[in-house]
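Here's a quick tour of the fold, piece by piece, for anyone who likes to have the geometry spelled out. Have a look at the structure first, then read on.

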Amino acid sequence: MALIKPLSENYDEYRRDESRAQGNAETISFPTSEDEVRAILRELHAVRTPVTVQGARTGLAAGAVPTGGHVMNLSRMNAYLGLRRSSDGRFFLRVQPGVVLSELRKHLRARALPARDWDSESLAAAQELAQAPEQIFPTDPTETSACLGGMAACNASGARSYAYGPMRPHVSGLRVALACGDLVALRRGELKAHGRTLELTTESGRRIALDLPTYVMPQTKNASGYFVEDDMDAIDLFIGSDGTLGVITELELELMPAPAATWGVSCFFTTEAAAVAFTQAARPALGLATAFEYFDAAALDILRTQRENSTAFSALPAIDPEAACCIFVELSGTSEDELLDELYRLGELLDETGGSEKATWVARTDVDREAQRFFRHAVPESVNMLIDERRRTDPTITKLGSDMSVPDDKLADVMALYRASLSEAGLESAAWGHIGNNHLHVNVLPRNARDYARGKELFESWAVRVTAMGGAVSAEHGVGKLKRSFLAVMYGENHVREMARVKLALDPYGQLGRGNLFDPAYLEGGA
Amino acid sequence: MHIVVCIKAVPGSTEVKMDPETHTIVRDGREAVINPFDASAFELALELADARRAADEDCSVTVVSMGIPATERILRDACARGATDALLLSDRAFAGADTLATCHALACGIRALPAADLILCGKMAVDGDTAQIGPELAGAFDLPCVTDVSELVSAGNGAVVVRCGSDEGPVVVEAPMPCVLTVTKEAAQLRMPSIAGVRAAERAPVAVRGAEDVGADPARIGLSGSPTQVVRCFVPDRSGAVELFDGTAAQQAEALAGIMEGVRS
């Protein structure tokens, strides 16, 4: 088949994703339509070839890294398919999975979507969109070159998930091609499980009965394993399934009006304890907060060094030498007056919890917001550069970043766990991330292979402790291949087997996303 | 030390509306931002003030702008970032001013303030691109002027030492104070306000003065006081073409030289 090509040297980059892990595959395809996806799947199903689905390859858990077989890259499925407006005024946009988030945002800001080949209903809705208040898609992973299909596959989150939740509730429809090439069309609210039993009907009329896993999901931000709950919506099983249950060929996204005003406030503290106390006090008190993002002392030091030594980072705002950590709070509201009241409330909370109104940066203009965005994004970028530098002397090491979350009342406990165990292990680290969701990315910065091994051991031990706190081993990156051992820790062997049974009911030869979520050994023998 | 910083509110967007009669930019205050070059000059002033205060010296920074009443928002924001005082020159009589008329208004406003040791301006404004206000102010006050300043090396003992651009490249020059400096965009990044600064700025007095208040000569302000006549406004043609040359290197060089000759003539 012409769509399937040998994965030659020219396609080497498709063996990797942003996790820096490297895999192998024999063939690759770049379908542009649902029909092409299904045709490729039918051909590969006949010979039981493993298929790794890729989007923009920005994932951090190696979910898009192939382990042999075929790579199906969906980056060329990037069309905007249509728009509808519900009777209550909400807009719903249909896109192919390869649409990139930054492009979507650009079109929404301009209130003009690429409407080629749209039907009359969609064109009418597009005209209404042009006249309506600006709309946004609220899911905000740091990496805006991510594509919508990949974001749904890992149930992406990001900073604003504090206010808007992860990707899941904003996806109102999915079309999913199964491994055999058959298709499931799902719209939120139309098909629900009975307890833990779900029956899907494919486009060809085939009925597939699924016994859903029996575990209870943690009440935290969570992207670990299949989403299940009693009487769940069928669509939610596929969101966050890490490319293991089917290939997303189309998404319908629910848009929401953009806030009229958004301000950013960077709050600097002299101790981590004060930052934690502030978070705990501010969460219930600040109703207009849409994000709480943390940067620890090591992260600030990395930025100070970059600002001094690299022209690329010289535009970073100068950080007070007294500052030991920082929390960025985003406030969104209906007017600047409303935000001003909230800003003063925030200031009072700072004074009460060991911070200071003076040790803050308030961004109320585009220029200042851009400076804050640069500051926030410079941290992971700088850490990646640091690791790349160290890999030159020892290619076996790579970045080790945690992605665990805990319930609100365990924030101080988990911070204490991180600090004590990192110090005991003598490891260099930097931590940042979504403190509002008790979800930090603690990055071990290995200096050598020994550090790398110790870091991995540390993460395994954290998985146990975080699970005991009622937390999740992956809060937003997905489990992919890198965190599958954590999944067994979090749910236990039996529940992982239950997940594998769901997969085999939909993908009887275990072709899709092999190695994601669980060891392929769980799939041996097939359905 | 008293430092005066001239600030202009410019459109925050590249999409601006032009008045078809006067050919001047329609300024309604919406989405207006501080001119980026002025922001850089303002930060240099704040850094200098920080240094002087750290040395237990008094130092004040006054921001001055000529603009519509909505410009007060920009000046109050400047107070939140550390300006000590703010003066807004706002009067219908100022409307439609070119740089010379603007300079007269600014000079009258600055004369009404305590004597300035330093007057800082952005090198130019991103909307007008004239780069004339700084040198014109220096002329109005008969002060030395250093343009294109990228770094304030030192200030004290009656002089400033700055790094600036020149026809020969970057140079370091010393100028006696008082003097006028015009500053590049890259010289400094304007600090963000703190919450404490935002609170203080709400109560900060932003003085608003009209033409009469500052003793401006009616014949030298506004549209009527502006010798500049804008005949036409248009979007410049930026069309380009690509031509590929064949032949030997010498033939290609000759063809290229022919095109360059044509451009020159």
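## Around a helix of chain A

The cover over the buried residues of α14(A) includes β11 (207-211) and α13 (484-491) of chain A. Keep in mind that this is a predicted model. The buried residues themselves are A:Val496, A:Glu498, A:Met499, A:Ala500, A:Val502, A:Lys503 and A:Leu506. As for its length, α14 (residues 493-506) of chain A has 14 residues and runs 21 Å from first C-alpha to last, close to the 20 Å expected at 1.5 Å a residue.

## Two open sheets in chain A

Let's take the five-stranded sheet to begin with. It's open, its order is β5-β6-β12-β8-β9 (chain A), and the pairing is antiparallel. At the edges you'll find β5 (80-85) and β9 (183-187) of chain A; each has a single partner strand, so one side of each has no neighbour in the sheet. On average, neighbouring strands here are turned by 15° against each other, ignoring direction. Helix α3 (residues 120-131) of chain A packs on this sheet, where it touches β5 and β6 (91-95) of chain A. The direction of α3 makes about 70° with that of β5(A). Inside the sheet, β8 (residues 171-177) and β12 (residues 247-254) of chain A run antiparallel and are joined by six bridges. In that pair, A:Leu174 sits opposite A:Leu251 in β12(A).

The four-stranded sheet is open too, but its pairing is mixed, with the order β1-β2-β4-β3 (chain A). Its edges are β1 (5-6) and β3 (51-54) of chain A, and since each has a single partner strand, one side of each is left without a neighbour in the sheet. Four bridges link β3(A) to β4 (residues 70-73) of chain A, and these two run parallel. There, A:Val51 faces A:His70 in β4(A).

## Hairpins of chain B

| Hairpin | Residues between the strands | Positive phi |
|---|---|---|
| β7(B) and β8(B) | two residues | B:Asn157, near 55° |
| β8(B) and β9(B) | six residues | B:Gly169, near 105° |

Six bridges tie β7 (residues 145-156) of chain B to β8(B) in an antiparallel run, and B:Gly156 stands across from B:Ala159 in β8(B). On the other pairing, β8(B) and β9 (residues 171-176) of chain B are antiparallel over six bridges, with B:Arg163 opposite B:Val172 in β9(B). Which residues of β8(B) make up its covered face? They are B:Val160, B:Val162 and B:Cys164, while B:Ala159, B:Val161 and B:Arg163 form the uncovered one.

The largest nonpolar core has 229 residues, and B:Val5, B:Ala45 and B:Leu120 touch the most other members. Helix α1(B) gives the most to this core, nine residues. Leaving out residues up to four places away in sequence, B:Ala45 touches B:Ile3, B:Val5, B:Val61 and B:Leu120.

B:Asp50 also belongs to α1 (residues 36-54) of chain B. Is B:Asp50 buried or partly exposed? It counts as partly exposed, because it has 14 C-beta neighbours inside 10 Å. From B:Asp50 to B:Pro20 is 30 residues in sequence and 45 Å in space, C-alpha to C-alpha.

Finally, the chains meet where 10 residues of chain B contact 17 residues of chain A. On chain B's side, helix α5 (residues 195-203) of chain B supplies the largest share, four residues. By class, that side has six nonpolar, three polar and one charged residues.

Methods
Residues are numbered from 1 along each chain as its sequence is written. Chains are lettered from A and ligands numbered from 1 in the order in which they are written. This is a predicted model: local features need pLDDT of at least 70, side-chain atom pairs count only at pLDDT 80 or more; totals for chains, interfaces and linings use all residues. Two strands pair if DSSP finds at least two bridges between them. Axes are lines fitted to C-alpha atoms, for helices over the stretch in contact, and angles run from 0 to 180 degrees between N-to-C directions. Two residues are in contact if their C-beta atoms, placed from the backbone, lie within 7 Å. Ala, Val, Leu, Ile, Met, Phe, Trp, Tyr, Cys and Pro count as nonpolar, Asp, Glu, Lys and Arg as charged, and the others, Gly among them, as polar. A residue is buried if 20 or more other C-beta atoms lie within 10 Å of its own, exposed if 12 or fewer, and partly exposed in between; C-beta atoms are placed from the backbone. A nonpolar core is a set of buried Ala, Val, Leu, Ile, Met, Phe, Trp, Tyr and Cys residues joined through C-beta atoms within 7 Å. The expected span of a helix is 1.5 Å times one less than its number of residues.
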